[in-house]
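Trainee: Can you walk me through this model? I'd like helix packing, then the voids.
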Amino acid sequence: MAEKPSPTIESRSQLIEAISRGSKPKSEWRIGTEHEKFTFYRDGFKPVPYEGENGIGALLDKVQTETAWLPYYDRDKVIGLNNPLGGGAISLEPGGQFELSGAPLETIHQTCTEANEHLKLLRKFTEPMGIDFLGIGVTPTWTLDEIPAMPKSRYGIMKPYMEKVGTLGTSMMFRSATVQVNLDFASEADMVKKLRVSLALQPIATALFANSPFLEGKPNGLLSFRSHIWLNTDNDRTGMLPFAFEDGMGFERYVDYALDVPMYFVIRNGQYINCAGESFRAFLDGKLPQLPGEKPTLKDWEDHLSTLFPEVRMKQYLEMRGADGAPWQGICALPAFWVGLLYDDTALDAAWDLVKDWTEEERQALRLGVPKTALKTPFRDGTVFEIAREAVAIARAGLKARDKHNWEGADEAVFLKPLDYTLEVGETPAERLLDLYHGEWKGDISRVFSDYGMARAA
């Protein structure tokens, strides 16, 4: 069935309205969890290519046959699956990172069940294929040259552009992985408050979830190399959005920011047109050189918004983007952390009180410091550890206040346990991996794959 044509955008006000339509009453707020994991062969711990009977394309085919999810294509290649009932999607990142974009669900219990069912389904096929998954922020051993590219046209545009504007953009594309959570807002004022709180606390989440201490077979000197990568990718489309803390912040201000971020591409008739570096403002005026006289559609705007990579991204919801990829037991902790902070009014007020007097310089210093020192990063008279402990306590109170979301007597705060453990031992997941590397593993990083494979751990 042909796609319904996307409406043409004639004015900037339509772009603002497109984002503001995300506002919804609290009863309709949902939780969308996304998690990426690296695919590898258990024999030799090498990355899985797209092609071949035991490749990622074949895995997608098997999942599609089992679920009846609808495949979507780039040219003649299946590059993802959509649940026709609105229950999420499977997609591929450039280096074969296998991603579940979860359905919008009411509770952390539901999103955690969804993640477990997803892995259970995959394991049915990956076991005989000799494939496993690794939940970590950056591939621990593979060089960029070893990682096979997925057949997605957009990456053929993004890769050369990123090589011009940053030093680690290709590492971001091919060897990084994350867990994200997407959350709703009630109004423009609610969006602004949540955006400010989540931007300020994003480095705290980065510290708590730091899980990428290895690169190309040895320690890389950092605890979250994935977070470090984003500091060296493309300054035009990344960062802490200092303007969000200025007077007058709202949907309009974010649209103006997005309009000034250079474009990557436009899609026409299923084909990607290279517009790297061009201006969406010019496109809005019908002056895009690649499509002279043509104005953007709503779909073009949505595509453009998806190519912005700040620490918190706004579409018709807010995306928390600061966490490294995690082992299976850590995936549910991220939505628990952010839902606890943002979805209860008392908790949101407490979180705002925690961060409201931080300066732009202090927020940026946290962003620059946590990739290397995580919870030990200095802040005022203490460290990030103290902030993290307070933020987790606020999140716990916020989750406990969501009484109606208890599940057979268990409130959602149970999913904070991985963070409780991190605070109890005073070490991030990355530091615990380094302890194993220097101790029990005796310098054998391949043990990350054998000991932390996700398909067999679930």
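**Helix packing and voids**

Mentor: H6 passes H14 in a left-handed crossing. Left-handed means the near helix is turned anticlockwise from the far one by less than a right angle; clockwise would be right-handed. This is a predicted model, so local features need pLDDT of at least 70, side-chain atom pairs count only at pLDDT 80 or more, and totals for chains, interfaces and linings use all residues. Residues are numbered from 1 along each chain as its sequence is written, and side-chain values use heavy atoms, with hydrogens and water left out.

Trainee: At roughly what angle do the axes of H6 and H14 cross?

Mentor: Roughly 15°, and the axes come within 9 Å. H6 is therefore roughly parallel to H14. The cut-offs: under 35 degrees is roughly parallel, over 145 roughly antiparallel, 65 to 115 roughly perpendicular, the rest oblique. Axes are lines fitted to C-alpha atoms, for helices over the stretch in contact, and angles run from 0 to 180 degrees between N-to-C directions. H6 covers residues 188-208 and H14 covers 360-373. Helices are DSSP runs (H or I, at least four residues), numbered from the N terminus.

Trainee: Which residues in H6 and H14 meet?

Mentor: From H6, Ala200, Pro203, Ile204, Thr206 and Ala207; from H14, Arg363, Leu366, Arg367 and Val370. Contact means heavy atoms within 4.5 Å. The classes are six nonpolar, one polar and two charged. Nonpolar is Ala, Val, Leu, Ile, Met, Phe, Trp, Tyr, Cys and Pro; charged is Asp, Glu, Lys and Arg; the others, Gly among them, are polar.

Trainee: And H6 with H13, how do they cross?

Mentor: At roughly 55°, with axes within 10 Å. H6 and H13 are therefore oblique to each other. That crossing is left-handed.

Trainee: On to voids. What volume does the largest cavity have?

Mentor: About 30 Å³. A cavity is a set of points on a 1 Å grid over the protein atoms alone where a 1.4 Å probe fits but cannot get out; lining residues have an atom within 4 Å of a point. Volume is the space filled by probe spheres set on the points, which are joined across faces, edges and corners. The lining includes Leu134, Asn211, Pro327 and Tyr452. By class it has six nonpolar, two polar and no charged residues.

Trainee: How much space lies in the second largest pocket?

Mentor: About 280 Å³. A pocket is an open set with protein on both sides within 12 Å along at least five of seven lines. H16 gives the largest share of the lining, four residues.

Conventions. Helices (H or I, at least four residues) and strands (E, at least two) are DSSP runs, numbered from the N terminus.
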